[in-house]
Amino acid sequence: MSEDKKEKRKASSIDPCAVDLLAYAEQCGIETAFSRSDSVKACPIGAEGACCKICSMGPCRLKSKEGEDAIKGVCGAGLPTVTARNIARMVAGGTAAHSDHARDIAATLLAAATGEAKDFQIKDVDKLHRVAKKFGIEVAERTKEEVAKDVAEYVLRDFGQQKGEISYIKTATKKRQELWRSLNMVPRGVDREITELMHRTTMGVDTDPEDILDFALKVSLADGWSGSMIGTDFSDILFGTPKPIRSEDTLGAFKKDHVNVVVHGHEPTLSEMIVVASEDPEMIAYAKSKGAAGINLAGMCCTSNEILVRHGIKSAGGFLNQELAILTGAVDAMVVDLQCIMPGLAIAAEKFTTKIVTTSPKCRIPGATHMEYDEHHALDVAKNILKYAADNYPARAGQDTRIPDVHKTMIAGFSHEYIEYMLGGRYRASFRPLNDAIISGRIRGLAGIVGCNNPRVDQDSLHDYLVRELIANDVLVVQTGCGAHASGKAGLMTPETMELAGPGLREVCEAIGMPPVLHMGSCVDNTRILTVLTAVANEGGLGEDISDIPVVGIAPEWMSEKAIAIAFYAVASGLYVIFGVESPIAASPTIQKMMSEGWEKKLGGKMEFIPSKEDILAATLAHIDKKRDDLKLRKYEKGKFGVEKVLLDMAARRKLEAGAHAHQGVGGV
Ligand code: NFS
């Protein structure tokens with residue numbers, strides 16, 4: 001890829017709220033990730049995966065103009081080994097993060113079932129029963145607590161298991177399970193595989209690049225088909241399975257005369273309790289006693305996605321908005337749990353009255369106040385945090401704020417269960433209409449546009465370009481994580497966006513009453529995409545496996561190890577995955593070939609790093625069209641469709657369902 005085609009930062013953001021607040025930061029000399037990304041240049045050796053620092057004979061800089069074979073580290077390790085080891089360790093880091101999050105959710109479910117965590121209830125019994133049945137756990141004539149205890153204990157074994165297979169593997173397509181078994185890629189236990197990967201990639205162990213990458217794929221499956229999937233399912237059981245809900249997603253989420261509290265990070269447990277506490281009349285009265293008009297809650301990053309999809313709590317945006325929220329001067333407390341929390345928050349907060357509150361025993365930040373979360377007294381902790389925020393309100397009262405007057409409506413909460421219901425109706429829930437729409441060419445294919453923001457490129461610019469172009473090309477887009485925030489802020493997550501869609505996709509969206517861009521939740525909820533694709537494959541007509549479906553996964557502005565872990569499990573599940581910005585394997589053509597051509601032969605999926613947004617779009621559409629050809633589907637032509645069964649619209653479905661039961665489950669779409 002030529003240098004001139006690489007996306008670089010030209011401005012700061014395409015989000016006008018961010019642009020204004022960054023201008024203010026510059027004027028006042030306040031540093032942010034944006035300014036630091038200008039002053040701290042990325043190390044060119046490390047960025048490309050050519051730096052080995054796993055022992056003190058180095059760090060070895062494996063960079064040579066004569067090509068990758070021309071240079072070795074002190075121990076004799078070649079560049080492909082080093083590049084493979086580096087990216088494999090990112091997979092271990094990402095899998096550890098998702099899985100440790102999931103372990104805590106599972107422990108909370110167990111504690112709720114045994115009555116040790118009295119503030120938590122099992123909210124979604126239907127989902128509990130569906131999950132229990134997957135594992136052969138009896139549900140009939142048992143209390144929800146008895147079932148939940150068995151489910152939690154069954155799945156908690158996944159983490160420390162030494163032999164056998166992790167629980168959710170059996171929910172993949174039959175063909176994929178067989179492939180994984182034939183490649184010895186089925187994880188035994190989450191912790192075991194992560195530990196073994198760290199062992200294999202330490203000095204002087206596994207130096208065969210293909211073997212290292214194969215093992216990293218195995219580890220990633222412990223993320224996608226265990227850790228993250230547990231995170232999603234157990235959060236649904238505890239807090240409810242999302243269904244469409246209306247909300248907003250901009251930095252205009254704050255109210256000058258309220259106690260503004262941001263909940264930021266990834267875990268839904270404490271944030272759920274903060275939602276409950278913020279509605280408690282006693283807490284509202286406390287805030288009023290401090291001179292505020294009330295309590296205003298806003299989310300950030302994936303904690304935001306969790307409470308957005310279940311409660312419609314407004315979002316202040318994704319990863320790169322965290323310091324900007326403080327720059328509004330309106331935040332009284334930013335309450336963080338873990339992951340994607342910049343230590344720069346404490347630096348920014350020094351200039352304002354904002355208090356940073358850390359809550360996880362795993363995450364402390366110098367300069368922050370620590371108020372530790374304890375699931376046994378979760379609601380009390382939540383109330384204490386809100387009181388602390390309210391106590392801080394008088395320090396800000398009357399001061400100027402820079403809350404942008406920008407509000408964008410969004411519809412979030414498209415769980416796989418809701419998508420199935422939306423497509424087929426309550427009594428005929430099915431992915432058939434989606435498969436038929438793809439077969440007929442109304443929908444050309446599917447794309448998951450997910451992942452982070454990265455200050456090395458204009459905030460949201462790649463997300464926005466790809467979403468708009470893909471829906472215009474009749475590709476149905478699903479989003480999670482900060483990708484979902486980018487579209488939420490741009491106003492793309494509403495049914496009205498169907499006007500920007502190609503004629504076929506628009507027809508489907510109109511018939512069903514759905515936006516062409518679906519918000520499926522947080523980053524652990526990428527497993528909802530795996531579940532949808534597995535159901536689409538099992539439904540028939542689009543091959544037998546995820547690798548047959550015309551679908552692409554894209555993380556155009558990625559930055560986190562977690563994104564790499566997700567990419568690996570998506571590829572191991574059969575997807576073509578494209579990452580933008582920088583390539584951590586750019587130094588080694590051998591590894592690039594292994595992860596594209598090699599993986600495509602082995603797994604039917606592949607991973608490529610493509611720095612230009614136009615090239616990402618072209619590669620996505622070419623892949624979708626190739627998969628359509630392979631399936632012998634009609635050639636996609638904009639505005640020309642094949643014959644398919646008539647899609648039932650919402651009104652027709654309501655008629656069908658009327659009389660049997662009161663209508664439930666449809667949100668404001
Ligand atoms: Ni995902 Fe969510 Fe955002 Fe990236 Fe971070 S918040 S878990 S890692 S930055 S999408």
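In the lining of the second largest cavity, 14 residues are nonpolar, 1 is polar and none is charged (Ala, Val, Leu, Ile, Met, Phe, Trp, Tyr, Cys and Pro count as nonpolar, Asp, Glu, Lys and Arg as charged, and the others, Gly among them, as polar). The model is predicted, with local features requiring pLDDT of at least 70 and side-chain atom pairs pLDDT 80 or more, whereas totals for chains, interfaces and linings use all residues. Residues are numbered from 1 along each chain as its sequence is written, and side-chain values use heavy atoms, without hydrogens and water.

The second largest cavity holds about 150 Å³ of space. A cavity is a set of points, on a 1 Å grid over the protein atoms alone, where a 1.4 Å probe fits but cannot get out, and lining residues have an atom within 4 Å of a point. At least two lining residues come from each of helix 16 (416-424), strand 10, strand 11 (475-479) and helix 21 (DSSP runs, H or I of at least four residues for helices and E of at least two for strands, numbered from the N terminus).

The largest cavity has a volume of about 200 Å³, volume being the space filled by probe spheres set on the points, which are joined across faces, edges and corners. Of its 21 lining residues, V450, G553, I566, A570 and L575 lie nearest the centre. This lining comprises 17 nonpolar, 4 polar and no charged residues.

Methods. On a 1 Å grid over the protein atoms alone, a cavity is a set of points where a 1.4 Å probe fits but cannot get out, and a pocket is an open set with protein on both sides within 12 Å along at least five of seven lines; lining residues have an atom within 4 Å of a point.
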